[in-house]
Amino acid sequence: TQPPVVLSEGHEFLVSSAVLYPSPDDTSRSFLLTAAADNTARLWNTTEGTEFLTLRGTGRNAVAALSADGRWVVTGSEGNIAQLWDLDLLRADPAGYKPQVLRGAAEHHTPVTAAAWSPTRNVLVTADENGRVIYWDVTNGAAEQRWSERQQEQRINAITFLPDGTQVLAASFDGTVARFAANDGKSLGRLPAGNPVTAIAVCRTAGGLRLVTASDVNSESTTDPNADRNDETAGFERTSALLVWDLARSEVVSRFDSLRYAVNSISAAADAKSAFIACSDNIVRRLPLLGTDLVETVSLELPLTALAGAVVSDDGRSIVTLSGSDAIQFDADTGELLMTFRPHGAVASAQFSPDDKRIVTGSWDQSVKVWDPQTHRAVERLDQLNNGFINSVAYSPDGRRILTATDDGYARVWDVETKK
């Protein structure tokens, strides 16, 4: 007998990096790339909220970077190598495609911890736990190694190009950000942050290029039973310091040294006046690059999972937060929930469509998904339309309607095409 087919999508645990790709020519080809410690990266349709490609064997560090043209993804691996994925070929043959292993005269001898693409052409850098950076040229479709240098003495936690692609910045546990030329790796100096640098972002402002760095600052957790429960430091073992640098002068122009939470990620839109920081107290805050006040943007109620990161879209209009196995998209200005990218919860009901070309499932996570039994992928989703656990789903005889029965005491009929 044939083994059963499993219909599933989404990460198992610890989603910690993401990239939003807005297709300039066709909005239907816009997507979200997520990577997790479950050894996978996944691509999601941002209109439907459904997963359409899975990249397996990408490593536990959740490294995934997307080229500016949206065609190439570089990831880590289960060993010490980086892998290059051609999304056009992967779409054409999801089952048979194998990624290109990045090899050259020099190699990483420890796991890859960070990667970044140039915003101007198809070249990239990969970095590892020993502080080594390798530069690769993918202009001709096959990765060619151009140089390899040990740019830091300790693990590189984050790496990025400047907007013009001429320089690269690499942040390390040693408390500095190394600055070097992209074409040959020649050192251009270091920015001393003073504590282990865990996240960076480069932003364009009216005053020129700004670099935002987040550094871990050691602090003791609050265990005093008489401590003020409203104190933001209660229960947190990590805190962070934020620095905003003027890159033209290599000087700090503003600092936030007394944060009562840790900063897990920093993200900014292409031409932003502010950056967004994901904090350990499950709040996304807006950091003004030319001001002095941190502003709460999105506050999440996450009792079982911590906010691992957040990324902002290029136009600055939406934010995707990362926590547990979920990625959730919000309006950056209002905090309104726009879309979720997550696995199904407990499935309570399922049924084939009358023509057997689709399967509908209803879950206690209040979502309905429609699956293609041939590809085993979800193709549509009815989400945030029900107010209780979904206990039963059924197709109408013509397959044009779906009936849901929920814990809120209502049965609802949905039009499959319009989702209303």
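Arginine 146 is partly exposed in this predicted model, with a relative accessible area of 44%. Its side chain meets that of glutamate 144 in a salt bridge, with 3.3 Å from N to O. Glutamate 144 is also partly exposed, at 33% relative accessibility. Other salt bridges share partners, and in this way Arg71, Asp86, Asp88 and Arg91 are joined into one network.

Aspartate 88 has a relative accessibility of 38%, so it counts as partly exposed. Arginine 91 falls in the partly exposed class as well, with 27%.

A further salt bridge joins the side chains of glutamate 129 and arginine 155, at 3.7 Å from N to O. Glutamate 129 lies in the loop between strands S10 (123–128) and S11 (132–137), while arginine 155 lies in the loop between S12 (144–150) and S13 (156–161); the pair therefore ties together parts that are 26 residues apart in sequence. Glutamate 129 is partly exposed at 32% relative accessibility, and arginine 155 is partly exposed with a relative accessible area of 24%. Across the whole structure, the search finds 20 salt bridges.

Phenylalanine 31 is buried at 2% relative accessibility, whereas phenylalanine 52 is partly exposed at 26%.

Tryptophan 44 and phenylalanine 341 form another edge-to-face pair, 5.9 Å centre to centre with 70° between the planes. This pair also links distant parts of the chain: tryptophan 44 is in strand S3 (residues 40–45) and phenylalanine 341 in strand S28 (residues 337–341), 297 residues apart. Tryptophan 44 is buried at 1% relative accessibility, and phenylalanine 341 is buried with a relative accessible area of 1%. Tyr21, Phe31 and Phe52 form one aromatic cluster. A ring is also involved with a charge at tyrosine 261, where the charged end of arginine 285 sits over the ring, 3.9 Å from its centre.

Strand S29 (residues 347–352) runs antiparallel to S30 and is joined to it by five bridges, with serine 349 opposite glycine 362. The two strands form a hairpin with six residues between them, and aspartate 356 in the turn has a positive phi of about 65°. Strand S31 (residues 368–372) is also antiparallel to S30, with four bridges between them. Tryptophan 371 in S31 is the bridge partner of isoleucine 359. Four residues separate the strands in the hairpin of S30 and S31, in which glutamine 366 takes a positive phi near 75°.

Notes
Residues numbered from 1 in each chain as written. Predicted model: local features only at pLDDT ≥ 70, side-chain atom pairs only at ≥ 80, totals over all residues. Heavy atoms only, no water. Pairing = 2+ DSSP bridges. Salt bridge = Lys/Arg side-chain N within 4 Å of Asp/Glu carboxyl O. Buried < 20%, exposed > 50% of the residue type's maximum accessible area, 1.4 Å probe, protein only. Phe/Tyr/Trp six-rings, centres within 6.5 Å; stacked < 30°, edge-to-face > 60°. Lys NZ or Arg CZ within 6 Å of the ring centre and 35° of its normal.
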